[in-house]
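Colleague: I would like a close look at one part of this model. Please take me through the aromatic residues and what surrounds them.

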Amino acid sequence: MDSQYAKEKLAAAKQNYGREIRVFETTPTTSQASNEPTNNEEPDEFYEFTAEDYYRILATKKEDKFLKTRKIREAEEAARRARITKAVIRVRFPYNYTLEATFQPSETIQSLIDLLMKVLSQSELPFHIYTTPPKKLIKDTSQDFYSLGFAPGAIVYFSYDQPKGDGGVAISGPFLKEDVMSLKGLELINEEVKPEVDQGTATGSVAAAAPATVQERKPAADKKMVKPKWLKM
C-alpha cells in the first residue's frame, strides 16, 4: 500500500464526512492484555476524584490570577485563544480502536455528536461520551471545544447506553462503519513519506559555489615573485 493510495483514501473520507478523520489501534495495557474482554468498562468507583488528584491539579497552577487585573487576564486569555487554531479530538472505542477528528476550537460538542452519528455502524442505538478521571458524562452539547478545555486536543470515551443489570445485552463491534475502519493505519503511511531532495537544485548550488573557490585562489596565482633585498647573487 503506497502513500498515494493513503492520501486518496484520507481525502475521500474528508470529503465524505466533512472533516479530517483518522482511525488507529491503540496498544492495550498490561491489564487489558489479559483474558478478560477489552470492551468491559471500569466501574464508576475507578473514576472517583481523590484527594491525590486534587493536589496534583492544584500543583499545576503556576500563576496567581488574583494578582492580575481583569483587563490583563482577559487580554492573556484572548491571546491564548488566538494561538489555538484547531481542536484534535480522539474518541476511544472498545476493543482499543480510536477515531481522531479535527475541529475548529469554536465548534461545539454537537458537531462531534453529528460526526459520530455518521461514522457509527449502529447509529440508531443511543450512546454517550465521557471524560476521565473522574468519569464525567458530556451532556451539554452546546459548549465549544475551547471552553471545555478540549483545544488544542483531548481524549473522550464512547459507550452505548445499556441498562444496568443482567437483563441488558452487551453490544459488540464493529462500532465504526466498514469504510471508516478501512482508514486504520493510513496516517502512519502518510507520515512516513519524506520530502525528496531536488537534485537539480543541489547540483546547481554546488556548481554556483565552485567559481567562488576559483576566484578566491586566483589572486594568489597572479602574484609576482619579488626578490628579497638581502639576497645577493
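Modeller: What follows is a walk from the aromatic rings to the core, and then out to the loops. Keep in mind that this is a predicted model.

Start with the rings. The count comes to nine aromatic pairs. Take phenylalanine 93 and phenylalanine 158 as one of them. Their ring centres are 4.8 Å apart, and their planes meet at 35°.

Where do phenylalanine 93 and phenylalanine 158 sit? Phenylalanine 93 lies in strand E2, and phenylalanine 158 lies in strand E6. The pair therefore ties together parts that are 65 residues apart in sequence.

Phenylalanine 93 has 6%, so it is buried. Phenylalanine 158 has 3%, so it is buried as well.

Phenylalanine 93 has another partner, phenylalanine 175. Here the centres are 6.3 Å apart and the planes are at 45°, which again is tilted. Phenylalanine 175 is in the loop between E6 and H5, 82 residues from phenylalanine 93. This pair, too, links distant parts of the chain. Phenylalanine 175 counts as buried because its relative accessibility is 8%.

Now widen the view. Ring pairs link Phe93, Tyr95, Phe127, Phe158, Tyr160 and Phe175 into a cluster.

Tyrosine 95 has 31% relative accessibility, so it counts as partly exposed.

Asparagine 96 is in that loop between E2 and E3 as well. Its phi is also positive, near 65°, and asparagine 96 is not a glycine either. Is asparagine 96 buried or exposed? At 13% relative accessibility, asparagine 96 counts as buried.

Next comes the core. The largest nonpolar core has 37 residues. Those with the most contacts inside it are Ile89, Val91, Phe93, Leu99, Leu112, Leu116 and Phe158. Note that Phe93 and Phe158 are on that list. Which elements supply at least two residues each? They are helix H1 (3-17), strand E1 (21-25), E2, E3, helix H4 (109-119), E4 and E6. H4 gives the most, with six residues.

Leaving out residues up to four places away in sequence, leucine 99 touches Ile21, Arg22, Val23, Ile89, Arg90, Val91, Phe93, Leu116, Val119 and Val180.

Strand E1 is mostly covered, with four of its five residues buried. E1 and E3 run antiparallel, and five bridges join them. Where is one such link? Glutamate 25 has tyrosine 97, in E3, as its bridge partner. Here is a general point for reading strands. In a regular strand, side chains alternate between the two faces of the sheet.

Now go to the loop between E6 and helix H5 (178-181), where lysine 177 has its place. At 33% relative accessible area, lysine 177 is partly exposed. Which residues does lysine 177 contact, leaving aside neighbours within four places in sequence? They are Tyr17, Lys118, Val119, Leu120 and Ser121. The C-alpha atoms of lysine 177 and leucine 120 are separated by 5.7 Å, though these residues are 57 apart along the chain.

Lysine 135 lies over the face of tyrosine 130, at 4.7 Å from the ring centre.

Finish with two cis peptide bonds. One runs from threonine 132 to proline 133, with omega near -10°. Proline 133 lies in the loop between strand E4 (127-131) and strand E5 (136-137). The other runs from alanine 151 to proline 152, with omega near 10°. Proline 152 is in the loop between E5 and strand E6 (153-160).

Note on methods: Residues numbered from 1 in each chain as written. Predicted model: local features only at pLDDT ≥ 70, side-chain atom pairs only at ≥ 80, totals over all residues. Heavy atoms only, no water. Buried < 20%, exposed > 50% of the residue type's maximum accessible area, 1.4 Å probe, protein only. Core = buried A, V, L, I, M, F, W, Y, C linked by side-chain atoms within 4.5 Å. Contact = heavy atoms within 4.5 Å. Phe/Tyr/Trp six-rings, centres within 6.5 Å; stacked < 30°, edge-to-face > 60°. Lys NZ or Arg CZ within 6 Å of the ring centre and 35° of its normal. Pairing = 2+ DSSP bridges.
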